[in-house]
Each structure stands twice: as C-alpha cells, then as structure tokens.
Amino acid sequence: MLDDELVKKNPLRRLDSQQQGLLPSGNLGLVVAPAGTGKTAFLVQLALDNLLRGEAVLHLSVAGKLQRIRSWYKELLLQLAGGQATAGLRRVEASMQSRQLIITFRKPAGLAARLSERLQQLDAQDIFQPTVVVVDGLGSGGELPGLLGQLAGIAAERNLSLWASLRQEAARPRNELPAELLAACAVVVYLEAAGPAVKLHLAKAPDLPSPPPPLLLDPQTLLLQQPPASPSRQ
Amino acid sequence: MKEAVTRIRNIGISAHIDSGKTTLTERILYYTNRIHAIHEVRGRDGVGATMDFLDLERERGITIQSAATFCSWQEHFINIIDTPGHVDFTIEVERALRVLDGAVLVLCAVGGVQSQSLTVDRQMNRYQVPRLAFINKCDRSGADPQRVVEQLRQKLDHNAVLLQLPIGLEADFQGVIDLVAMQALYFDGCSGEQVRREVIPAEMMESARQAREQLLEAASMFDDELLEAVLEDRPQPDQIQRALRRGVLRRELTPVLLGSAFRNKGVQPLLDAVVRYLPGPADVSVRARDVERDQAEVELHPDPQLPPVALAFKLEEGRYGQLTYVRVYQGVIRRGQTLLNTRTGRKFRVGRLCRMHAARMEEIEASASGDIVALFGVDCASGDSFCAPGQRLLLGSMHVPEPVISLAVTAGDATARDKLNQALGKLTREDPTFRARVDAESGQTVISGMGELHLQVYLERLRREFGLEPEVGQPRVAYREAITRQARFNYVHKKQTGGSGQYGRVAGYLEPLEEGDYLFEDRITGGAIPREFIPSCDKGFRECLQQGPLIGAPITGIRVVLDWGASHAVDSSDLAFRQAAIGAFRQAYSQAGPVIQEPIMKVVVETPAEYSGQVLATLNQRRALILGLAEDGAFAAVEAEVPLATMFGYATVLRSVTQGKAEFTMEFACYRQLPAALAQQLQEEHARGGKKTGQST
C-alpha cells in the first residue's frame with residue numbers, strides 16, 4: 001500500500017521510462033540546487049524509495065547530524081503514509097532499520113577516500129553492504145571535479161547506485177555547470193524553486209534523446225504534486 | 001530566614017566523570033566560607049573533599065550520591081546539588097533536575113563535550129533547565145577552550161557564547177579576561193581567594209575586543225535597549241548583564257566561563273555568573289495538579305504568604321534518622337506545622353528542620369519560599385507532594401526508568417537474611433530505580449537496577465555499611481513475555497463433586513496491546529457473568545501477568561476482552577471466577593503467538609578514529625544494530641542498538657580494544673523480540689529449572 005503511493009508520486013520513477021531505475025548500478029547521479037531548495041528531501045525520498053523496495057541504503061552527510069537526519073527519514077516516511085502513525089507503519093520502519101546506516105563527516109576533506117575505507121570496513125566485517133549510497137552536502141569548491149570522478153569510481157568499483165547533492169550558488173542560473181563536472185555523472189537533475197512548487201529538470205540521463213519537460217514537485221516532500229492520471233510508459 | 005525569593009539560587013552542577021566538578025564544588029564551598037581548608041579530592045593529605053562523604057566515593061574518585069549543600073555569595077543564597085556523572089545513576093541526576101531552577105554544565109578543557117555530557121545535557125533539556133557552562137582544567141596540557149565552545153555549538157546545539165577569554169593556557173594559565181567588564185582577573189592568595197582586577201594585557205586587547213563583539217552580538221538579540229547602546233557604541237555592563245540573563249532564562253543562550261578549580265582560578269566569577277544569570281525560584285513557572293478539581297493545573301508562586309506546597313525529592317538514612325530533602329515551591333515550611341502528604345492522604349507534623357551542608361547540618365525554624373531544606377522523621381517516599389491540609393495538590397512525577405538488569409543474592413543464615421532484608425529496604429526507599437523482591441519460584445532475593453555499575457555499587461554498600469557479603473548469582477536481564485496475535489478463550493472452572501462447589505465460565509479473547517501493559521475490557525451483556533464477579537475475572541487475569549508460562553517472565557502488552565460467560569446460581573463465587581480467568585488465560589496464551597522480549601539499549605561509543613573498525617567489530621559480535629557513525633576529525637562516535645544481555649562486561653572489552661581511549665554510554669531504548677534460537681534456549685533452561693544459569697548472549 002505504501003509502495004503504490006510512492007510509485008505514483010516519486011518523480012524519479014515517473015522519469016524512469018525503462019522502469020529499471022533511472023540511475024543504473026555502478027553509476028553516479030547528481031542533484032544540483034541552491035541552498036534551501038530541497039536537495040536533502042530529494043535524497044531522502046530517493047533513499048526511502050529504495051528502502052521500501054528492499055535495498056540497503058547508506059546515507060552519508062557532510063556536516064549533518066545523526067539525529068536530524070533520522071528525523072528527516074521519520075517525517076518523510078510518515079508523510080508518505082498519509083500522516084498516520086499506524087502499527088503497519090511502525091512495522092515498515094522496523095524492517096527498514098537493519099538496511100539503513102547513516103554516516104556523518106564533519107568536514108569534506110578526503111571524502112572519497114574515507115567513504116571508500118568505510119565501505120570496505122563495513123563489508124569486510126559483514127556489518128553492512130549497501131546497494132545504494134546517497135551523499136548529501138557537497139558544496140562547490142576547487143576539488144569538486146576530482147571528487148566527483150572519485151565518487152563515480154567508487155560507484156563503479158562496488159556496483160552501487162551513488163547519488164550526490166551539490167549546493168550551487170543561487171546567482172548562477174541552472175544548466176551552467178561546467179562540462180568537466182558533468183562528465184563523471186550518468187544522471188544530472190536540477191531543482192529550482194518556482195513559486196509554490198519546486199521544478200525538477202532532468203538534464204542528463206542514459207538513453208535520453210532530449211530533456212523532458214520539467215516536473216512540478218511539492219516543496220515540502222519533493223514528491224510529485226499530483227499523481228499522473230495514467231502514467232505512460234514510453 | 002526571610003530572604004527575598006529573588007536572592008535564592010537552586011542550582012545543580014552536572015558533568016562528565018572527571019571533569020573536576022567535585023573539586024569545583026569544594027572550591028565554591030571554600031570561597032563562600034563554609035569549609036575551612038581546601039582538601040584535594042583524592043585525599044593526598046588524608047582528608048577527602050567535604051562533598052564526597054562516603055568512603056566509597058573517595059576511593060573510586062567518583063561521586064555517587066547527590067548531596068545538597070547550602071552556601072551564600074554576595075547576599076544571595078545558593079543551594080547546590082552535586083550530581084553524579086555516570087549514566088547508571090541517572091535517577092540521581094533526574095531527581096536533582098526536577099527540583100532545580102538552573103545548572104552549571106562543567107566541561108573539561110581537554111576532553112570537551114564527551115558522551116556523558118550529552119546524556120546530562122539531554123536530561124537538562126527534558127526538564128527545561130537554563131544553564132551556564134564552565135570549562136574547567138584550563139591549566140592542563142591540551143586545554144583548548146575554543147574547541148570546547150565549538151563542540152557546545154555543534155554537538156549540543158547550544159548558542160554558546162564566551163564571557164571570558166583565558167590569559168595563557170596549560171601550564172601558563174594565569175587568569176581570565178572578563179569581557180563584560182573588560183578587565184583582566186587574577187587570583188591571588190595561597191588558595192586564590194583574592195580576586196585582583198587589572199587592565200587587559202596589551203597583546204590580548206585585540207582578541208578581547210573581537211570576543212566582546214561576538215558577546216555583544218549574541219546578547220543584544222535579547223534586549224532592544226542593549227542593541228541600541230551597542231549601535232551607539234556605549235553598552236553598559238548592567239545592560240549587557242540584563243540581556244544575558246534574559247537569554248539564559250529563555251534557554252536560548254549559554255554563557256561560557258573558564259577556569260581551573262584545581263589551580264583556584266575562575267571560581268569567583270562563576271559564582272557571580274550564577275547569581276547574575278541563573279534563575280531564582282520566581283523566574284521559573286511551576287505547576288501542580290489539583291486532585292480535588294479533576295487534575296486541573298494550578299500555578300504555584302514562591303510567596304511566603306501562600307499555603308505551602310513542597311516536593312520530597314530525596315530520602316536519606318543518616319546517623320540521626322531518616323532525612324527527607326524537600327523543595328518548597330510555595331509558601332514556607334516551619335517547625336510544628338501540619339502538612340498533608342497528597343499521595344497517602346495522611347497528615348503529619350513537621351518536626352526538626354535543617355539546612356544541609358554536606359555531612360554537617362544547621363537546624364532552622366523555617367524554610368524560605370523557593371528554598372531546599374531537609375526534614376527529620378517524616379515517613380514518605382521519594383516523589384511525594386506535601387501541601388496544606390485542606391488542599392490536595394500533586395507535583396508532577398519524576399521520570400523513573402524501569403530497571404533492566406537483576407541479580408540473585410543469597411545471604412548465609414537467618415540472621416544475615418534479616419539483615420539483608422532490612423538493608424535492602426533502606427536502600428530501595430532511597431532509590432526508586434533500585435529494587436529488591438523475593439522471586440516466587442526460586443525463593444531467592446533478587447535485586448535489580450539500571451546497569452552493572454549500579455548493582456556493583458549497591459553490593460559494595462551492603463558490604464561496607466551493613467557488613468553483608470551475600471552470594472551473588474549471574475546477572476540476568478529483565479526479559480518479558482508478550483503475545484503477537486489474538487486468541488480466544490472459552491473456559492469453565494468446575495468443581496461440583498458434592499457439597500458446595502465452584503463454577504464459572506469465561507469467554508473472550510486476548511490480543512496485543514500497542515501502548516501500555518494491560519487493559520481489561522468488560523463487554524459482557526445480559527448478565528452472562530453477574531456484575532459482582534467481573535472484578536474477580538480481572539484479578540485472575542492480572543495474576544497471570546506476573547509470571548509467563550514461557551520463562552516465568554512478566555507478561556506485558558495485553559488486552560483482555562471478556563464478552564461471554566456463564567454462572568451457576570449457587571456455586572459461582574469470586575474464587576470460581578478468578579480461577580476461571582486464570583485457566584482461560586493459560587488456554588489462550590499459547591495460541592496467541594507468545595514471544596520473549598529482551599531489553600535493547602541505545603549505545604553510543606566514542607572512540608579515536610583509528611579504533612573505529614575494532615569498535616564496530618565488538619558491537620557486531622553483540623547482535624548490535626548499527627544505526628550511525630559520526631566522524632569528527634580525530635574522533636568517531638558509533639550509535640547502535642544492542643541487546644542488554646550482550647553488554648555485560650563491555651566496559652572491559654572496549655577498554656582493551658581501544659587502549660582505554662574510548663568510552664560509551666548506554667540507555668534503555670525498547671523491548672524487542674528475542675531471536676528464535678535464543679528464545680528456544682531460554683525456554684529449555686527454564687523448563688530444566690536452571691534459573692541460575694540464565695544468561696544468554
């Protein structure tokens with residue numbers, strides 16, 4: 001029941017014409033937006049979608065706090081369930097718990113190397129083996145192209161779907177990220193605050209002949225504002 | 001005493017183990033002239049610090065019991081409650097926080113915000129206590145107050161602002177710069193009792209100015225007058241102080257002071273800050289519930305003219321008898337007065353009354369309003385509310401956590417057993433989280449508490465204070481039994497073999513209850529079971545909850561619905577229906593998917609980053625669910641949910657794996673179903689009657 005709701009409202013599923021997962025395993029996806037637009041909510045929705053499908057998700061946050069991030073997950077899941085904290089929802093939460101791990105790094109220095117080391121450790125000790133990783137809190141900086149390349153490398157090496165969020169200066173209009181940054185990413189999504197909604201622009205994806213029209217998302221939950229009448233699979 | 005309520009400060013000093021707060025309290029008592037010489041806490045000169053008057057504490061170097069002490073500073077009267085730093089004694093901290101108005105959070109300039117500070121801070125938040133921070137041990141190698149302030153902001157989310165800057169650090173620590181008065185303070189005299197004010201050293205002027213700017217920026221958020229004055233570049237110290245106080249009372253600002261209690265520096269300014277910025281009894285809103293008017297909330301005022309209302313928050317058996325510490329929230333308490341204990345409904349007369357100084361006391365005629373005093377010879381329990389006869393007001397209860405670990409103790413002979421019972425009676429009355437009972441099955445006395453250390457300390461006390469050395473069994477976690485699905489029952493209890501017999505039939509169902517332990521629903525219609533016997537059915541069901549059939553553990557989370565039954569005109573009785581209920585419960589229970597649950601703890605381990613791999617391994621071996629990892633440069637914190645049963649002796653393991661550099665805190669999280677294999681094992685052991693070996697990993 002929860003799953004159906006999610007399928008209808010999650011923008012990535014909507015964009016995913018092949019229904020194989022918009023971002024294939026082994027690749028890096030990027031969501032770009034100015035501060036406060038909804039990158040974290042977007043990533044959490046993405047993570048929840050995967051968790052509900054039985055995947056194991058690692059959430060890495062730069063400068064975030066464990067408690068706050070947990071609240072994000074709790075809140076958004078509650079909203080997905082229609083705002084009712086039922087016993088059924090609690091069971092869903094409980095089943096997700098063992099497939100979820102949150103890591104926070106206070107500073108971004110050496111992020112890729114540290115992430116790789118952690119993944120190795122968690123795998124070697126048989127503690128946690130994620131299939132999806134979300135990295136929240138990257139900001140623009142000189143080392144960014146190198147970092148994206150490294151993250152793409154980690155995704156490929158471990159066959160993960162790795163999504164990262166990038167905070168963009170509000171002044172720069174979208175679609176102006178330099179090509180060298182985008183090169184490492186298989187999928188690039190821009191979020192733009194547009195009045196009462198948030199617009200999602202899919203700028204790059206495998207097998208995408210031309211960018212589809214932007215989707216309108218609810219600014220609180222980053223889900224589609226209205227479920228489509230009949231999703232066309234083309 | 002007729003102190004104006006505004007000049008009373010009821011404060012607690014809370015901190016992490018070893019952040020030096022006992023030394024700090026000792027210095028405070030010294031400077032406020034309550035004790036005559038300073039003795040080092042670890043007893044170098046053979047006399048321990050006055051606050052830790054139990055030998056045990058002196059040896060272990062930790063504070064176990066909370067003691068209240070009274071002192072005065074600048075015409076203000078301060079009641080200080082010293083609180084323990086170890087997580088196993090949280091009841092002591094909760095107790096103190098319940099009755100205090102403000103607190104000082106002591107942090108170590110080297111260690112900074114550590115795991116225990118987090119727990120303590122969270123507790124302070126729960127009781128909404130305004131606080132100051134004192135960064136102690138600035139004389140130690142590695143002292144970095146700036147880093148600690150950052151941690152206060154990052155880890156504890158405080159709007160922390162420095163009121164002082166250190167003059168020199170580590171071995172070079174000489175004094176502090178008061179950023180409000182813009183002066184340098186030095187502490188002269190063989191025990192730092194003379195505070196000398198000087199001009200700020202030229203080389204520190206620039207950093208002092210910058211720090212002051214930050215201070216003013218933070219403070220002016222709370223006072224428009226100050227904001228204006230700052231813009232016009234002429235803020236006055238009293239304006240700044242007023243704004244700071246407002247920020248603190250609103251719990252939106254945490255002023256930070258510095259010092260080294262050991263080196264006698266920084267304590268007097270801290271006392272000034274306590275007086276200036278922490279709330280008095282009138283600054284905090286306190287409510288009670290009126291039992292006569294359907295629990296309506298009543299606001300209390302620390303006005304000596306109003307009828308008395310007080311809370312008994314600590315009981316202590318001392319040399320002179322039973323002492324009851326009370327916090328007076330309204331009116332005053334005086335000798336000879338008659339008060340009502342709202343819980344018991346019984347009146348009592350106030351006998352001797354005193355103000356407590358650690359290990360010494362002063363008798364007084366009456367308390368002030370908003371004060372903390374101790375009463376003699378009052379028979380009550382911790383948490384009882386007292387008020388004027390004619391009223392029935394209840395002060396909210398303290399958060400008392402359920403014990404999670406138990407131990408069987410066996411005394412040698414009949415005399416020892418009596419002594420043990422007496423001793424346990426006394427100890428359990430003082431501490432609601434420490435319990436003792438006789439196990440119905442084994443006949444053994446079982447003590448239970450909040451953790452290994454908690455029980456260890458009580459065993460020590462039994463030895464030292466009562467001369468008892470009981471045999472001790474293996475520690476056992478408090479398992480519970482619960483059901484997972486609905487099951488019907490339809491049971492008849494019949495004994496009709498001539499003479500008066502017994503007859504009762506009950507029918508209905510059991511089902512899991514989401515919130516709460518037990519709910520009984522009477523849905524009988526048409527007198528299927530006569531009204532007068534229904535309470536007996538309830539009693540019968542309740543009896544069954546005490547010991548479940550699987551492993552004899554208490555059953556919880558059950559709703560029992562009674563919807564049908566039958567009775568006999570002559571043979572039905574209370575007894576018959578009680579037995580019927582018991583039989584019915586047992587009948588349905590096994591069909592209701594019964595499971596065994598174990599207590600799960602939320603464990604946070606703080607370790608240097610290089611050991612994080614090993615730490616993860618130790619947790620992984622303990623059926624832990626790793627929730628998260630926070631990496632902060634050289635340190636990492638691992639959060640996990642771990643079954644209590646696997647945590648015995650973890651302190652030792654962690655110490656050896658991290659060379660003593662890591663530490664952990666543990667608090668109760670929830671109950672969760674035991675894995676099938678372990679549940680099976682427990683049931684088999686129980687069936688064999690092997691209670692003594694009941695420890696599962």
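## Two residues with positive phi

A:Asp126 is placed in the loop between α6 and β4 of chain A, where helices (H or I, at least four residues) and strands (E, at least two) are DSSP runs numbered from the N terminus. The phi angle of A:Asp126 is near 60°, a positive value in a residue other than glycine. A:Asp126 counts as exposed because it has 8 C-beta neighbours inside 10 Å. In this scheme a residue is buried if 20 or more other C-beta atoms lie within 10 Å of its own, exposed if 12 or fewer, and partly exposed in between, with C-beta atoms placed from the backbone.

In chain B, the loop between β2 (67-73) and β3 (76-82) holds B:Glu75. Its phi is also positive, near 60°, and B:Glu75 is a residue other than glycine. With 9 C-beta neighbours inside 10 Å, B:Glu75 counts as exposed.

## Basis and confidence of the model

This is a predicted model, in which local features need pLDDT of at least 70 and side-chain atom pairs count only at pLDDT 80 or more, while totals for chains, interfaces and linings use all residues. Residues are numbered from 1 along each chain as its sequence is written, and chains are lettered from A and ligands numbered from 1 in the order in which they are written.

The model scores ipTM 0.85 and pTM 0.67. Chain B averages a pLDDT (the predictor's confidence in each residue, from 0 to 100) of 84, and 89% of its residues score at least 70. Within chain B, confidence is lowest in helix α2 (residues 55-60), with a mean of 42, and highest in strand β11 (residues 254-258), at 96. The pLDDT is below 50 over residues 42-46 of chain B, a stretch that has five contacts in the model beyond near neighbours in sequence. Here two residues are in contact if their C-beta atoms, placed from the backbone, lie within 7 Å. Residues 691-697 of chain B also have a pLDDT below 50, and this stretch has 18 contacts in the model beyond near neighbours in sequence. Where pLDDT is low, the predicted coordinates should not be read in detail.

## Helix α7 of chain A

Helix α7 (residues 144-158) of chain A has 15 residues, which at 1.5 Å a residue should span 21 Å; its end C-alpha atoms are 21 Å apart, in agreement. The expected span is 1.5 Å times one less than the number of residues. After α7(A) comes A:Asn159, whose phi is positive, near 55°.

The buried residues in α7(A) are A:Leu147, A:Leu148, A:Leu151, A:Ala152 and A:Ala155. Seen down the axis of α7(A), these buried residues fall within an arc of 140°, so they line one face of the helix; the arc is that of the directions from the helix axis to the C-beta atoms. On the face turned away from this buried side are the exposed residues A:Gly146 and A:Glu157. The cover over the buried residues of α7(A) includes β1 (27-33), α6 (111-124), β4 (132-139), β5 (161-167) and α8 (179-183) of chain A.

## Architecture of chain B

Chain B contains 16 helices and 36 strands. Of the 697 residues in chain B, 48% are buried. Among contacts in chain B between residues at least 6 apart in sequence, 71% join residues at least 24 apart.

An open sheet of four strands in chain B has the order β7-β8-β9-β10, with antiparallel pairing; two strands pair if DSSP finds at least two bridges between them. The edge strands are β7 (164-167) and β10 (194-198) of chain B, each of which pairs on one side only. Strands β8 (residues 175-178) and β9 (residues 183-188) of chain B pair in the antiparallel sense over four bridges. B:Gly175 stands opposite B:Tyr186 in β9(B).

## The surroundings of B:Gly557

B:Gly557 lies in the loop between α12 (534-546) and β32 (558-566) of chain B. It counts as buried, because 21 C-beta neighbours lie inside 10 Å. Leaving aside neighbours within four places in sequence, B:Gly557 is in contact with B:Ala482, B:Pro512, B:Leu513 and B:Asp517. The C-alpha atoms of B:Gly557 and B:Glu515 are separated by 7.0 Å, although these residues are 42 residues apart along the chain.

## The contact between the chains

In the model, 15 residues of chain B are in contact with 14 residues of chain A. On the side of chain B that touches chain A, α14 (612-620) and β34 (625-632) of chain B each supply at least two residues. The largest share of that side, eight residues, comes from β34(B).
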